Amino acid sequence: TTGPMLLAKADGRLPGESFPAGAAGASHPLECRVRSEQPMESVELVVNGAVVKRWTQPPVPGAKGGFDVTLTHSFVPETDSWVAWRCFETRAAGRFRFAHTAPWHFSIPGKPLRPRQEEVDWLATRVREEIQRSQGVAPPSLIEDYRKALRFYESLGARSP
């Protein structure tokens, strides 16, 4: 964090906890409290790297100054998943402060987490750029390793989630 305090739990457990071998469709209560010096711009729930919900509700002034936001949400994992909370506090001159929890991990048997297409595309682009940059500089065995990595990333895009 660079400012706000973000206090959160999933099923009453602190960030960093794992929920092994749960059933798909089981609901997990999430709670989040943010304490900040300035009003929050937003509080977000991040699931597997994507923002799934954003709150912009007005914060409540705290009794001793600052601001409080308290949120609850239910999370229903359908695949292996990770969940985290983050928040942003806007400051003067275009600056901001933020906080981000460690993730909670949820395991669903037979339902592995698959990368999103945008993640696969980003990785494949980086490897293509590295192949181009390394031509004539890196040994052929390294270029072949890059090509193997590229084929792997491209094969991920062909899989259905």
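Which strand gives the most to the lining of the largest cavity? It is strand β4, residues 40-47, with four residues. Strands here are DSSP runs of E with at least two residues, helices are runs of H or I with at least four, and both are numbered from the N terminus.

A word on the source. This is a predicted model, where local features need pLDDT of at least 70, side-chain atom pairs count only at pLDDT 80 or more, and totals for chains, interfaces and linings use all residues. Residues are numbered from 1 along each chain as its sequence is written, and side-chain values use heavy atoms, with hydrogens and water left out.

Next, helix α1. Residues 117-134 form α1, which has 18 residues and reaches 26 Å from its first C-alpha to its last. After α1 comes glycine 136, with a positive phi near 80°.

Last, alanine 50. This residue lies in strand β5, residues 50-55. Alanine 50 is partly exposed at 26% relative accessible area, that is, between the 20% and 50% limits. Beyond its neighbours within four places in sequence, alanine 50 is in contact (heavy atoms within 4.5 Å) with Leu45 and Arg116.

Conventions. Buried < 20%, exposed > 50% of the residue type's maximum accessible area, 1.4 Å probe, protein only. Expected span 1.5 Å × (residues − 1).
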